[in-house]
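Here are some exercises to work through with the sequence and the model side by side. Try each task yourself before you read its solution.

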Amino acid sequence: MPISLGDLESHLFKCADIIRDAVDPTDYKEYILPLVYYKSISDEFEKQYAENEEEYGEEFARRENLYDIPIVPEGYLWDDLRAVSDNVDQALNEAFDALVEENPELQGVFRADYIDADALDDDRLGRLVEHLDTYDLDRDSVPPDMLGEAYMDLVRHFASEEGKDGGQFFTPPNIVNLCVRLVDDFEDGMTFHDPTAGSGGMLIEAARYYREEQGGDPSKLTFTGQELYPNVAAIAKMNLSIHGLDGEIEREDSLSNPAFTNDEENELTRFDRVLANFPFSADWAKDDLQDDPYGRFDWHEKLPRADRGDYAFIMHMAKQLKRPDPDGSGGKAAIVIPHGVLFRKHEARYRKPMLENDMVEAIVGLPENLFQNNSIPSAVLVLNTDKPAEREGKVQFIHAADEAFYEELSNQNELTVDGLNHIIENFQGWTTEERVSRTVSLNEIRENDYNLNIALYVDTTEPEEDIDVQEELAKLRELQSERDEIERTMNEQMEALKYE
């Protein structure tokens, strides 16, 4: 009987219970996610191997070109791992090493060292392996979309366990969905990139959206990303693979060591779509990048402050967008930003060229407390290097920070489905709506010295209630009458007591 998504999610969540108290909650993902991934690969490989053996014979059944998944080496199938009862930690390490040796593209995916985790003894690891054996995870038993969704729920679960630290690699799904929808209208052959990829959520949502909302085939899109932290980059690689996406995640800092470049022309690789939630106001290697070989930071002679890299990331992503002249089409970006980017006075020198080059299509102001690791208000900056004629020289401002757009949860706020739809309807319709959205000319923004504070362009104040003058006068007369009666009674009592 096929497993439901809910049962699969519950099944995977129980993995944490097995290793609870043996490792720190912040390390759960390091030990559980690789095993889930390995189990799914092993189950699918076994199924495909049986089909290939029947069709081509044992001698040819392992030919690499017959598989669309990593090949599991002989002796390292899931049942082989289950058969180990002593030194299970060593057996798991060896299995992952063998898998990488057989499939070099998996280099850097498996970073957990089960031997180093002293409290993960044979009993716990054996129970973890046996628990994961409960269900087959091949594609016939669990479709890649379902497994991918359950895997993402597991990532969300671990991010929640980690609290603020978890927010460094995980962006809430509703914000990811908003970013993807702000740059939608995808086509086969398009390229997608996230320079601060985290666990890969932006790229995976773009693939899901193309398949489910536009009826497209995500295998005809290209997904790439870069992530600083090696353990998080490994999760992103596994995440893309489990979702059946042929993607490339490189590890390193996007600003200091961009991995996607055209070195012959000293340019960054340019993409159709860039989606990102970069670390807010983080330090960056300003001194080392004064003479950047890719010319990324040329919006002003002065580079952004070393302790505030927001505009360094924005300039980097602007350079990663396709442009009509050299590429034949433009590119779009949806970038999650802190509100300060919109109005900090010393950063007007970066806003000016961004606006004068007519790259800014929209700014969406979001509520505060949407992220686990940051409670400050944020926004989404939408860039477009080939704006439609009717949008040239204009910027749409959307104020989506009111309660009508979100709901309060126990520890943070969350954009609602209605709120998301409201934002997208205004953006796609280029709508001006009282207290919500307004399309503003570049001339008006110039007059405000390139300040992009949403409140300058959209009246966000609560409307005053209409006053019924006749009703209020009647209330006043009634109060005056009561006052006169009280004063008369008091005077009578004062006279009775012979007070002047």
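**Exercise 1. Describe how helix 7 packs against helix 14.**

Step 1: find the two elements. Helix 7 covers residues 173-182 and helix 14 covers residues 417-429; helices (H or I, at least four residues) and strands (E, at least two) are DSSP runs, numbered from the N terminus. This is a predicted model, in which local features need pLDDT of at least 70, side-chain atom pairs count only at pLDDT 80 or more, and totals for chains, interfaces and linings use all residues. Residues are numbered from 1 along each chain as its sequence is written, and side-chain values use heavy atoms, with hydrogens and water left out.

Step 2: take distance and angle. Two packed helices are described by the angle between their axes and the distance between the axes. Here the axes come within 11 Å and cross at roughly 15°. Axes are lines fitted to C-alpha atoms, for helices over the stretch in contact, and angles run from 0 to 180 degrees between N-to-C directions.

Step 3: name the arrangement. Helix 7 and helix 14 are therefore roughly parallel to each other (angles under 35 degrees count as roughly parallel, over 145 as roughly antiparallel, 65 to 115 as roughly perpendicular and the rest as oblique). Their crossing is right-handed; a crossing is left-handed if the near helix is turned anticlockwise from the far one by less than a right angle, and right-handed if clockwise.

Step 4: list the residues that meet. Helix 7 brings Asn 174, Asn 177, Leu 178, Arg 181 and Leu 182, and helix 14 brings Leu 420, Asn 421, Ile 423, Ile 424, Phe 427 and Gln 428; contact means heavy atoms within 4.5 Å. Sorted by class, this contact of helix 7 with helix 14 has six nonpolar, four polar and one charged residues (Ala, Val, Leu, Ile, Met, Phe, Trp, Tyr, Cys and Pro count as nonpolar, Asp, Glu, Lys and Arg as charged, and the others, Gly among them, as polar).

**Exercise 2. Which angle do helix 1 and helix 2 make, and which residues meet?**

Step 1: the axes of helix 1 (residues 5-19) and helix 2 (residues 28-56) cross at roughly 130° and come within 10 Å. That makes helix 1 oblique to helix 2.

Step 2: the crossing of helix 1 and helix 2 is right-handed.

Step 3: from helix 1, Leu 12, Cys 15, Ala 16 and Ile 19 meet Tyr 28, Ile 32 and Val 36 of helix 2. The contact of helix 1 with helix 2 counts seven nonpolar, no polar and no charged residues.

**Exercise 3. In what order do the strands of the nine-stranded sheet lie?**

Step 1: the nine strands form an open sheet in the order 3-2-1-6-7-9-8-10-13, with mixed pairing. Two strands pair if DSSP finds at least two bridges between them.

Step 2: look at the edges. Strand 3 (247-251) and strand 13 (437-441) are the edge strands, each pairing on one side only. On average, neighbouring strands of this sheet are turned by 15° against each other, direction ignored.

Step 3: compare two pairings. Strand 10 (residues 394-399) runs antiparallel to strand 13, joined by five bridges, and Ile 398 stands opposite Ser 437. Strand 1 (residues 191-194) runs parallel to strand 2 (residues 222-227), joined by four bridges, and Phe 192 has Phe 223 as its bridge partner.

Step 4: Helix 14 lies across strand 8 (360-365), strand 9, strand 10 and strand 13, at about 165° to strand 10.

**Exercise 4. Is strand 1 covered on one face or on both faces?**

Step 1: in a regular strand the side chains alternate between the two faces of the sheet.

Step 2: Thr 191 and His 193 lie on one side of strand 1, Phe 192 and Asp 194 on the other, and all are buried (buried means under 20% relative accessible area, exposed over 50%, partly exposed in between, with a 1.4 Å probe and protein chains only). Both faces of strand 1 are covered.

**Exercise 5. Where is Asp 116, and is this residue buried or exposed?**

Step 1: Asp 116 sits in the loop between helix 4 (88-102) and helix 5 (122-132).

Step 2: with a relative accessible area of 58%, Asp 116 is exposed.

Step 3: Asp 89 is 27 residues from Asp 116 along the chain, and their C-alpha atoms are separated by 8.7 Å.
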